[in-house]
Amino acid sequence: MKYDKSMNLDPKNKLFYHLPWMFLVFILIVSQSKATKPIGVQPNPIPVNGTFIIPPGFLFAPFPSAACINAANLPTSDSLTALQLAYSPSRGEEPQNIYSGIATSTKSFGFGFGYFGSLGDFKTTNGGFVGLGFKSDSSHYGVSYRNQDLSSSGKADFDLSYVYVDTREGLSYGGVLRSVNTSPQLNLGLGYASSRFFNIEFNVNAPKASNLGHGDFILIGASNFSIAEKMTAHLQGNFHTQTSKLDALVAYNYWISDFADAILQFSSPNVWSFGFSAVF
């Protein structure tokens, strides 16, 4: 999915400049609260094509979309299958966007695939992804295929990913080498998970190898956490070193039952997305 400069944060909006401090306050509060819903399984944030902040945090990627974000996360501690459907309305002349993703896994193997598309008055774009993940002891490996426009040739990308999970310390280390068949781009990350109800990660995304000396490094901070018995949240900030811009995202999941939840997401500059997910 291609990064859209229109998603950059308006410097006049001071709310998002205070996001890192809000981020810290939320963490301090929720780390002390009692929660019942496991984070990491629920698919948030929503990777709706064209409105999702690119790139996302990848160490604790939402399970149904892990195949296109970090396929190494497809094997899970519990055998499960999860489905997500999401929609983002049109903004003016911009197209409306839809997304669907499904993944299934065992403790040592995972498989996922999905569709994302932009539906406009003048052009409709259909994209898709598929990924495989494998686990051996504490090491996770993944390989994925992404194509932003299935009707056009030459735009497919293959990614390789790796994550090491230290369960004793709650730490995760990983990297994703994106677009290995075209212009490689390396993403590195460090994350911490407390039980299954809180996690936080910090990522560094390098520019493409063809533009390494002049490209944009992106620093990412993201966290999933429980804020109530039936509600979980996601906060994310992406800082672009080349432009000194900060993109922000807030998403909430409300659990309708033990196996289904509704998703509401807001991302700068003014994009709303809605979704539904189910775990089997």
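Trainee: Is Asn238 buried or exposed, going by its relative accessibility?
Mentor: First, a word on ground rules: this is a predicted model, where local features need pLDDT of at least 70, side-chain atom pairs count only at pLDDT 80 or more, and totals for chains, interfaces and linings use all residues. Residues are numbered from 1 along each chain as its sequence is written, and side-chain values use heavy atoms, with hydrogens and water left out. Buried means under 20% relative accessible area, exposed means over 50%, and partly exposed is in between (1.4 Å probe, protein chains only). At 0% relative accessibility, Asn238 counts as buried.

Trainee: Which side chain does the side chain of Asn238 make a polar contact with?
Mentor: Asn238 lies in strand S11; strands (E, at least two residues) and helices (H or I, at least four) are DSSP runs, numbered from the N terminus. A polar contact is a pair of N or O atoms within 3.5 Å; within protein, one must be able to donate a hydrogen and the other to accept it, and residues adjacent in sequence count only if both atoms are side-chain atoms. At 3.1 Å, the partner side chain is that of Gln236.

Trainee: How many salt bridges does the structure hold?
Mentor: The criterion is a side-chain nitrogen of Lys or Arg within 4 Å of a carboxyl oxygen of Asp or Glu. One of the pairs is Arg168 with Asp166, at 3.7 Å from N to O. Arg168 is exposed at 75%, while Asp166 is buried at 13%. The structure's count of salt bridges is three.

Trainee: How many aromatic pairs does a search of the whole structure find?
Mentor: A pair of aromatic rings is described by the distance of the centres and the angle of the planes. Rings of Phe, Tyr and Trp (its six-membered ring) pair if their centres lie within 6.5 Å; planes under 30 degrees apart count as stacked, over 60 as edge-to-face and the rest as tilted. The search of the whole structure turns up eight.

Trainee: How many residues apart in sequence are the parts that Phe109 and Phe134 tie together?
Mentor: Phe109 and Phe134 form a tilted pair, with 5.5 Å centre to centre and 55° between the planes. Phe109 lies in strand S3 (residues 109-119) and Phe134 in strand S4 (residues 124-136), so the parts they tie together are apart in sequence by 25 residues.

Trainee: What is the angle between the planes of Phe111 and Phe113?
Mentor: Phe111 is partly exposed at 29%, and Phe113 counts as partly exposed at 42%. Their rings form a tilted pair with centres 5.8 Å apart, and the angle between the planes is 40°.

Trainee: Which residues do ring pairs link into a cluster?
Mentor: Here we look for rings joined through pairs. The members of the cluster are Tyr99, Phe116 and Phe129.

Trainee: What is the phi of Ser179?
Mentor: Most residues other than glycine have a negative phi. Ser179 is in the loop between S7 and strand S8 (185-194), and it counts as buried at 7% relative accessibility. Although Ser179 is not a glycine, its phi is positive, at about 55°.

Trainee: Where does Ser244 lie?
Mentor: Ser244 also has a positive phi, near 60°, in a residue other than glycine. Ser244 is partly exposed, with a relative accessible area of 40%. Its place is the loop between strand S11 (231-240) and strand S12 (245-257).
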